[in-house]
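Dear colleague,

Please find the structure below, followed by a short account of what was found in it. I would be grateful if you could read the two together.

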Amino acid sequence: MASSESIAEERISTKPKHQKKEKVFVKTIKRLLKNKLAVFGLIVIFIQFILAAFAPWFASYDPVQQDLINAELGVGAEGHWLGTDNYGRDVWSRLVFGARISLLVGIASVSLGLIGGIALGLLSGYYRKLDGVIMRLVDLLFAFPGILLAMLIIAMLGTSLVNVVIAISIWSIPTCARIVRGSVLSVKKQEYILAMRSIGASNTRILIKHILPNCMAPIIVFATMRMATAILSTAALSFLGLGAQPPTPEWGAMIATGQDFMFTSPHLTVIPGIAIMLVVFAFNVVGDGLRDALDPNMELEN
Amino acid sequence: MEQLLQVNDLITSFRTTGGKLPAVRGVSFSVNEGETLCIVGESGCGKSITTLSVIGLLPNNGEISEGSIKFQGEELTTKKEKELRKLRGNDISMIFQEPMTALNPVFTIGYQLMEPLKTHRRMSNKEMRSKSIDLLKQVGIPDPEKKLKQFPHELSGGMRQRVLIAIALACNPSLLIADEPTTALDVTIQAQILDLIDDLKTDLGMGVVMVTHDMGVVAEVADRVMVMYAGNVVETGTVDEIFSSPKHPYTKGLLASVPNVDDTDHKLEAIPGSLPNLNETIHGCRFHPRCPFAMEKCVEKDPPQFKVSQQQYSKCWLQEEGISSEPKDRAYS
């Protein structure tokens with residue numbers, strides 16, 4: 001009896017020790033993998049990454065090479081398993097290169113938006129004097145509907161993918177700044193920040209080395225969710241003719257050219273549409289999963 | 001013994017919507033090397049604000065409006081933030097009340113221990129590592145190599161407080177400010193932490209300012225005691241004087257409200273009333289509305305500090321010569 005008790009005790013005492021040794025990162029990933037939808041999202045994102053990274057290997061044709069003899073072939077046509085568009089360009093190849101564009105534009109615009117948003121959020125959360133000014137600026141940006149703001153910026157800068165990146169990143173800044181500011185406000189009141197000041201750390205050091213890491217969870221979730229919005233907006237802007245210009249194999253632009261052939265060859269709009277939907281859905285689901293996985297209140301359930 | 005810290009007529013006030021309110025109203029005290037000064041008083045009497053003024057970490061809306069703080073002969077109130085930063089953690093260190101929240105949850109113990117060394121000392125990573133292991137050993141943490149890699153949530157409250165003490169001691173400060181270091185700890189751990197602070201004080205020859213509202217802690221560690229009430233120092237003296245012959249009615253009240261374990265029939269005597277608000281204007285002595293010994297004079301005029309003995313001072317009209325200290329109605333037995 002006594003020995004079994006001590007063994008049980010040992011189990012209790014050793015088990016959590018091993019678990020605690022795992023890095024927070026591993027723990028978060030594990031929790032994320034328990035969420036089935038998030039796993040689906042991760043797979044879709046992974047596939048998109050692979051396609052984007054090795055686009056020339058996956059694409060069997062040049063995405064902008066016209067072949068007017070084989071125009072508007074349907075799905076399953078010989079040599080073009082997703083068919084061809086009105087100029088005879090291979091839809092699969094265009095889709096694969098489009099994955100590259102949407103991913104690049106998404107990552108670039110989200111990173112730029114994060115840099116701006118985190119900087120503004122940290123400053124306005126930490127320095128009370130800057131808070132009013134920065135937050136009013138953010139309110140100003142919030143006053144415009146997002147897509148209109150992006151269109152306004154593109155109208156000023158001209159239509160190109162680079163300008164789409166700039167427009168979407170500017171549009172991401174206010175939301176990100178507010179999220180970061182909120183976290184900073186709660187973290188800076190913690191005693192460990194006062195303790196850091198009591199050992200003589202400078203404001204910059206406290207802000208970057210001690211406050212920022214504590215705000216990371218909401219920022220990661222925001223970035224993932226924002227990827228979805230960024231990809232969707234890129235497609236939307238390209239569809240409207242404000243982003244990628246015609247020969248570029250961009251998903252939104254593909255739908256735009258395909259809509260004239262809606263009834264003769266519906267695959268020209270449906271296929272890129274499905275691609276956009278899947279990717280946006282995937283990023284949203286992973287974002288949701290991450291939010292749950294990073295939520296400290298979920299600890300009790302596991 | 002050399003004088004380490006000399007505070008004179010310190011007035012610290014806060015900007016509020018109701019105007020500028022003084023939380024500390026003309027406090028003077030001094031700390032010598034190797035000496036422990038305990039600041040006692042009810043919550044909100046200005047103890048913590050006094051210590052935060054010394055280290056220069058007042059909240060945004062607080063400021064030192066008058067008085068001087070001299071540390072090792074240097075005036076601190078006129079120093080720039082940058083110069084103060086060099087002192088903090090290096091010459092003056094602070095331990096906080098809540099070991100649970102005073103460590104950053106996202107960094108390892110080792111990383112946080114090296115922070116003061118990174119800020120104030122130029123050391124290689126290897127030196128910092130060995131120094132932090134020494135520090136952890138010094139504060140009595142077993143298995144320091146392993147602890148360096150652990151996160152705060154993996155340690156108990158007492159261990160965390162030890163880590164905080166180690167962080168505070170990293171650069172061998174000459175003055176240690178401890179703001180209720182044991183309030184959040186178990187009673188058994190409390191004694192250990194107090195002993196540790198006491199031992200380190202003798203080993204390193206630091207001056208210690210300890211803020212507390214626990215008279216038991218005072219009896220355990222203090223050399224001298226300063227009793228504060230509503231932003232004023234009402235009595236100072238050596239620990240023996242304060243416990244054996246308290247002069248100020250407030251000190252007597254504080255001592256009477258300490259539970260007595262040996263005497264089961266002992267009735268706790270609470271001080272009637274509550275601490276006045278910062279914006280309350282009280283004419284005369286700020287304690288008189290709650291004082292069982294209050295006289296007419298107390299309402300009319302604020303008493304000065306009366307010298308009782310070499311070290312003991314009491315801010316009460318009762319100490320004025322010629323007035324018998326027989327109370328009107330005996331409040332505290």
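Beyond its neighbours within four places in sequence, B:S174 is in contact (heavy atoms within 4.5 Å) with B:L4, B:F71, B:Q72, B:D91, B:M206 and B:G207. This is a predicted model, in which local features need pLDDT of at least 70 and side-chain atom pairs count only at pLDDT 80 or more, while totals for chains, interfaces and linings use all residues. Residues are numbered from 1 along each chain as its sequence is written, chains are lettered from A and ligands numbered from 1 in the order in which they are written, and side-chain values use heavy atoms, with hydrogens and water left out.

The side chain of B:S174 also makes a polar contact with that of B:Q72, at 3.2 Å (a pair of N or O atoms within 3.5 Å; within protein, one must be able to donate a hydrogen and the other to accept it, and residues adjacent in sequence count only if both atoms are side-chain atoms). B:S174 counts as buried because its relative accessibility is 16% (buried is under 20% relative accessible area, exposed over 50%, partly exposed in between, with a 1.4 Å probe and protein chains only). In chain B, the loop between α6 (157-169) and β7 (175-179) holds B:S174 (helices are DSSP runs of H or I, at least four residues, and strands of E, at least two, numbered from the N terminus).

Turning to chain A, A:F40 is found in helix α3 and is partly exposed, with a relative accessible area of 35%.

Yours sincerely
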